[in-house]
Amino acid sequence: MREIAEACGIPLSLYVKRENDFGDDLRAGMEVIGRLVDSKVCVSIKYAVVRKDPAVDPYLTALLERVDRSRIISGIGERPAIVHLRNFGLTGFTTGSGVLAPKLCRALLDACSRKDYEQAEKVRAAFLPLEDLRDEWGPPRVIHAAVALAGVAETGPIPPFVSELTAAQKDRLRPVARELLKRNG
């Protein structure tokens, strides 16, 4: 990773999707991540370890003991964002569904920043029908189809090695995508 950062001339953002992304010895892996941040090879971490209950995450808790929370963002979209910002003190989150509802996405972040979690939950609820389909069928292919089905833009063919949604899936996705776009205003 150091060689990549040096060759590119810019620091990296790490994508942590599984606890063992940096080895089966979790503490040693966290230490590697910490050293990459300390040495400025890495400037940010997209934390995307999926939990049944995002409030119960011993790995994230331990990672925050090693790396300053200002370097870590919630990287799994709107579903765990409130918990990650409220309970763990993360300062931001990534979005996929935000391509259809950027204003709502911003409203969610703003509500969390104000610590108005009741409002944040109301805003987040608008994303959950699309997030459910993304979880069920695969995030990239659902967003790819949702952008076209909502009428935002023609997205063209899906990239190689990723299958298109079926006609029945598109029929189920279309009203969900359009409703989220409509709620965005």
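Which residues of α2 are buried? I started with this helix, and I took helices as DSSP runs of H or I with at least four residues and strands as runs of E with at least two, numbered from the N terminus.

**Entry 1, ground rules.** I am working from a predicted model, in which local features need pLDDT of at least 70 and side-chain atom pairs count only at pLDDT 80 or more, while totals for chains, interfaces and linings use all residues. Residues are numbered from 1 along each chain as its sequence is written, and side-chain values use heavy atoms, with hydrogens and water left out.

For burial I used relative accessible area, with buried under 20%, exposed over 50% and partly exposed in between (1.4 Å probe, protein chains only). The buried residues of α2 are Gly29, Met30, Ile33, Gly34, Leu36 and Val37. They lie on the same side of α2, because they cover an arc of only 160° around the axis, the arc being that of the directions from the helix axis to the C-beta atoms. I then noted that these buried residues pack against α1 (2–8), β1 (12–16), β2 (42–47) and α3 (58–66).

At the N-terminal end I found Asp25 as the cap, with a side-chain oxygen 3.3 Å from the backbone nitrogen of Arg27. Just after the helix, Lys40 takes a positive phi of about 65°.

I counted a salt bridge where a side-chain nitrogen of Lys or Arg lies within 4 Å of a carboxyl oxygen of Asp or Glu, and the structure holds 15 of them. The side chain of Arg66 meets that of Glu31 at 3.1 Å, N to O. Arg66 lies in helix α3 and Glu31 in helix α2, so this pair ties together parts that are 35 residues apart in sequence. The side chains of Arg66 and Asp38 also meet in a salt bridge, at 2.8 Å, N to O. Here Asp38 lies in helix α2 and Arg66 in helix α3, so the parts tied together are 28 residues apart in sequence.

I found Ser97 in the loop between α4 (81–88) and α5 (102–113), and at 0% relative accessibility Ser97 counts as buried. Taking contact as heavy atoms within 4.5 Å, and leaving aside neighbours within four places in sequence, I list Glu78, Phe127, Leu130, Glu131, Arg134, Ile143 and Leu180 as in contact with Ser97.

I took a core as a set of buried Ala, Val, Leu, Ile, Met, Phe, Trp, Tyr and Cys residues joined through side-chain atoms within 4.5 Å. Of the 54 residues in the largest nonpolar core, Ile33, Ile45, Ile72 and Leu173 touch the most other members. Helix α6 (residues 117–137) gives the most to this core, with 8 residues. Not counting residues up to four places away in sequence, Ile72 touches Ile45, Tyr47, Leu60, Leu63, Leu64, Val67, Leu90 and Thr91.

Notes
A polar contact is a pair of N or O atoms within 3.5 Å; within protein, one must be able to donate a hydrogen and the other to accept it, and residues adjacent in sequence count only if both atoms are side-chain atoms.
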